[in-house]
Amino acid sequence: MYKNLKIARENNIVIIALSRTENLNALNRELLTELNEAIDVTAANDFNRGLIITGDGGNFAAGADINEQKNFSVEEAEAWSRRGSSIFRKLELLDIPTIAAVDGYALGGGCELALSCDMIFASRDATFGQPEVKLGVIPGFSGTVRLPRRVGQAKSLELILSGEMISADEAERIGLVNRVFDDGLLQKTISFLEKTAGHGPTAIKNAKIAIRYGLEMNISEAIHYENQLFSLCYSNGEGNEGMHAFIEKRKPVF
């Protein structure tokens, strides 16, 4: 049981909804502690084949809780930044596909949480931004690291230095958001993950690893790493099963 989260399941897809609706789901210490635990529980269950992070009450998360930050010392600020960043990194490193389903505001820490997921799906009325400079600080939960990797350096500088908010359509145009829906955001996100859940779990895991770490290598190293991960898809028979199923015109059993 969680005070600040609502957990649901759709077959083998886990749905974690941030639920501090009176504060537009702002991220505070208690919520982050619960989120950290929920990620651990999700990772520990091999039945789980996808994770959706979303928000309750018509918003994703309107940033981190300013009331908890307003009197920080330098040491407290660094500890807070490290805490949030470590939880978001854990989310990023999950073996299963993760999608942020964003409705309403995804600002500051909320935008950084969405960026920690593999993909971002949004409703047409979603709003994104990193407005921290307006408060005299910078993104502290790895926003300056992930946003450039998602949309490029120049656009990241524009968004972070201006602190301006952008619409879902603009976020999709610059590559921050994968898909925008007029309605049925959560159900369409679930449907997407249900499709991926039918694919080889080792292939899904290794594809994520190849892309994630390949971006940090030179091209020759990345190609060699992909070769190794490709071969490992045969280590437990999943690659063989998938090939045989295709030839035999049947659904593979992974």
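## The second largest pocket

In this predicted model, the residues lining the second largest pocket divide into 14 nonpolar, eight polar and four charged. Here Ala, Val, Leu, Ile, Met, Phe, Trp, Tyr, Cys and Pro count as nonpolar, Asp, Glu, Lys and Arg as charged, and the others, Gly among them, as polar. A pocket is an open set of points on a 1 Å grid over the protein atoms alone, with protein on both sides within 12 Å along at least five of seven lines, and lining residues have an atom within 4 Å of a point.

About 610 Å³ of space lies in this second largest pocket, a volume being the space filled by probe spheres set on the points, which are joined across faces, edges and corners. Of its 26 lining residues, Gln69, Glu132, Leu135, Val137 and Ile138 are the closest to its centre.

## The largest pocket

The largest pocket holds about 700 Å³ of space. Its lining has 21 residues, with Glu92, Asp118, Ile211, Arg212 and Leu215 nearest the centre. By class, nine are nonpolar, three polar and nine charged. Helix α8 gives the most, with five residues; helices are DSSP runs (H or I, at least four residues), numbered from the N terminus.

## How the model was read

Residues are numbered from 1 along each chain as its sequence is written. Local features need pLDDT of at least 70, side-chain atom pairs count only at pLDDT 80 or more, totals for chains, interfaces and linings use all residues, and side-chain values use heavy atoms, with hydrogens and water left out.

Methods
On a 1 Å grid over the protein atoms alone, a cavity is a set of points where a 1.4 Å probe fits but cannot get out, and a pocket is an open set with protein on both sides within 12 Å along at least five of seven lines; lining residues have an atom within 4 Å of a point. Helices (H or I, at least four residues) and strands (E, at least two) are DSSP runs, numbered from the N terminus.
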